[in-house]
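Open the model in your viewer and keep the selection tool at hand. We will go stop by stop.

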Amino acid sequence: MAAVIAQLEGQVASQKKELEYARLKIQVLEERLRMQRIQKYGPSSEKLSNLQLELLEQEPGVSRKK
């Protein structure tokens with residue numbers, strides 16, 4: 001019984017590490033995307049939230065910076 005518990009605890013620890021890695025990777029990718037959008041729409045877009053930048057991406061009438 002103790003061996004099974006130890007094995008399950010090991011699996012849980014491993015999954016926690018994977019989950020934390022995935023969270024960190026998502027953070028990095030979100031920041032990269034934000035920086036790309038800021039570069040695309042110019043310095044004034046730095047003041048916009050992530051959601052506002054995402055909406056700009058979907059808006060057909062918005063163009064890139066000149």
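How many salt bridges does the structure hold? The answer is 1. A salt bridge here is a side-chain nitrogen of Lys or Arg within 4 Å of a carboxyl oxygen of Asp or Glu.

A note before you click. This is a predicted model: local features need pLDDT of at least 70, side-chain atom pairs count only at pLDDT 80 or more, and totals for chains, interfaces and linings use all residues. Residues are numbered from 1 along each chain as its sequence is written, and side-chain values use heavy atoms, with hydrogens and water left out.

**Stop one: the pair.** Select Lys 40 and Glu 57. Their closest N and O atoms are 3.3 Å apart. Lys 40 sits in helix H1 (residues 2-41) and Glu 57 in helix H2 (residues 50-58), so the pair links distant parts of the chain, 17 residues apart. Helices are DSSP runs (H or I, at least four residues), numbered from the N terminus. Lys 40 is partly exposed at 24% relative accessibility. Glu 57 is also partly exposed, at 33%. Buried means under 20% relative accessible area, exposed over 50%, and partly exposed in between (1.4 Å probe, protein chains only).

**Stop two: buried residues.** Now select Arg 34, Arg 37, Ile 38 and Tyr 41. These residues of H1 are buried. H2 is part of what covers the buried residues of H1, where contact means heavy atoms within 4.5 Å.

**Stop three: the helix end.** Click Gly 42. This residue follows H1, and its phi is positive, near 95°.

**Last stop: the whole chain.** Zoom out. The C-alpha atoms fill a box of roughly 65 × 20 × 15 Å, taken along the principal axes. Of the 66 residues, 12% count as buried.

Notes
Helices (H or I, at least four residues) and strands (E, at least two) are DSSP runs, numbered from the N terminus.
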